[in-house]
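Let's take a friendly walk through a protein model, one piece at a time. Keep the picture in view as you read.

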Number of protein chains: 2
Amino acid sequence: MGQVTDTREKLLSSTLELMHARSYGDVGVQELCEHAGVKKGSFYHFFPSKRDLVLEAMEQQWNQTKRLIQDQVLSSKLSPMKRLERCFEIFYEAQCASKAKTGRVHGCPFGNLAIELSTQDEGFRKKMDGIFREFSDVIEGLLREAQTAGEIAVTNVGATAQALVASMEGIMLLAKTRNDPAVIKELGQVLVRNMAVKPSRGRNGGKAKN
Amino acid sequence: MGQVTDTREKLLSSTLELMHARSYGDVGVQELCEHAGVKKGSFYHFFPSKRDLVLEAMEQQWNQTKRLIQDQVLSSKLSPMKRLERCFEIFYEAQCASKAKTGRVHGCPFGNLAIELSTQDEGFRKKMDGIFREFSDVIEGLLREAQTAGEIAVTNVGATAQALVASMEGIMLLAKTRNDPAVIKELGQVLVRNMAVKPSRGRNGGKAKN
DNA sequence: TTATAGTTTGACTGACCGGTCAACTGAGGC
DNA sequence: GCCTCAGTTGACCGGTCAGTCAAACTATAA
């Protein structure tokens, strides 16, 4: 009975594309509908509001991202720290692709929306917070593996994982502001390698007091 | 002849306040004017457009920030790495203040605008890029001092400084998304301390190859 | 064939957007 | 006393915003 269409899905994927490339405020319902090839009336048949559409689109995006990380990073046979570095490579490749297609580095879709909306809409803030926490848990797992493998010597793994997530977000921000994906690869490497255990040269490289 | 007023300054400081708390897209000219106690007609007497006002406000904000960093961080007598840590403390205190006043952590005014506008307005992107580069130079200076003082053992100081700036931005982003200023202090410490030279325990903490 | 649920359509609402403008105000210089 | 001019005012512009709605259409199941 009735019809079954892909209108809903078209709307969601258009949202992912446009919101990532621009911003929540700058992309209107009208434009969203035109991009999806859908009339505005249909939009409100499937979603109660623009806000709800974007919230659901973010959920979808995060599920896709988790799958990508699982397949391309976690299930790889590299050493833990190399897998962490691989994580930056994935981000680098994604931004290279968007730069090649649109001429712009768009940064992290989650970070972008978190910054734009988390002071204005508590629902968005909580959703983004949840995503970052989940991601932090993934990184923490990687760090624990690296620790038992002796690749790093870190006292507070949980906080370090959070700091790493923050650094990733910041690197994506900088890459977007430079409009240069190379930032991701370069700074990612610096970050990971500064974290790795160095072959100690001399008794004590310097007193770390004061 | 004619009048001299502080309308222009009121407009600029209202912009700083409102744009930092919300976003470029969400704050309209009308609201800006009401907040500053100015009529819309006056606005366009002083600024050709909203965009120009915000661009100038950012310039002002950056000059204020540079002065703050100079006074509170660079000219302090702490060790270089302690001064770096002090930098995070400054950010922490600023976000505590805004949380106490408004109930919200608003993050970095530069990062916020960079994310919102740098894919849509090349002028904004360049301005923010310039600010981040200047800031990176300041951090690089601090890092070089730390290096000669033997506080850190880092090969690529320039890239490390950039990575630090990125991490700061990311930490501000995370603090905003959590709505918790403590994130800044905690993750800042983790970052700085993981970077400091550790008292080497044993010949080689682990092979850092593969 | 008909009933019906699911989907589509486009005209519509009222509020608000950034920006314009001509008329006006008021203080300092002459 | 008046001229000049920076600054002020509020009405107004066309356009866009998110969201509404009643009517029409369409595919399927009975």
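## A helix to start with

Helix α9 of chain B has 14 residues, and at 1.5 Å a residue these should span 20 Å; the end C-alpha atoms are 20 Å apart, so the two values agree. The expected span is 1.5 Å times one less than the number of residues. Helices here are DSSP runs of H or I with at least four residues, strands are runs of E with at least two, and both are numbered from the N terminus.

Which residues of α9(B) are buried? They are B:V183, B:I184, B:L187, B:G188, B:V190, B:L191, B:V192 and B:M195. A residue is called buried if 20 or more other C-beta atoms lie within 10 Å of its own, exposed if 12 or fewer do, and partly exposed in between, with C-beta atoms placed from the backbone. The cover over these buried residues includes α8 and α9 of chain A, together with α5 and α8 of chain B.

## About the model

This is a predicted model, in which local features need pLDDT of at least 70 and side-chain atom pairs count only at pLDDT 80 or more, while totals for chains, interfaces and linings use all residues. Residues are numbered from 1 along each chain as its sequence is written, and chains are lettered from A and ligands numbered from 1 in the order in which they are written.

## Chain A as a whole

Chain A has nine helices and zero strands. Its C-alpha trace spans about 75 × 35 × 35 Å along the principal axes. Of the 210 residues in chain A, 39% are buried.

Two residues are in contact if their C-beta atoms, placed from the backbone, lie within 7 Å. Among the contacts in chain A with a separation of 6 or more, 62% join residues 24 or more positions apart.

## Two chains together

How are the two copies related?

Where the chains touch, 61 residues come from chain B and 61 residues from chain A. On the side of chain B, α8(B) gives the most, with 16 residues. By class, that side has 23 nonpolar, 24 polar and 14 charged residues. Here Ala, Val, Leu, Ile, Met, Phe, Trp, Tyr, Cys and Pro count as nonpolar, Asp, Glu, Lys and Arg as charged, and the others, Gly among them, as polar. Because 100% of the interface residues of chain B are also interface residues in chain A, the copies meet through the same surface.

## The nonpolar core

A nonpolar core is a set of buried Ala, Val, Leu, Ile, Met, Phe, Trp, Tyr and Cys residues joined through C-beta atoms within 7 Å. The largest one has 110 residues, and those touching the most other members are A:L113, A:V165, A:I171, B:L113, B:V165 and B:I171. Leaving aside neighbours within four places in sequence, B:L113 is in contact with B:M19, B:Y24, B:M58, B:F124 and B:M128.

## A residue in a loop

A:N179 lies in the loop between α8 (157–178) and α9 (182–195) of chain A. Although A:N179 is not a glycine, it has a positive phi of about 55°. With 19 C-beta neighbours inside 10 Å, A:N179 counts as partly exposed.
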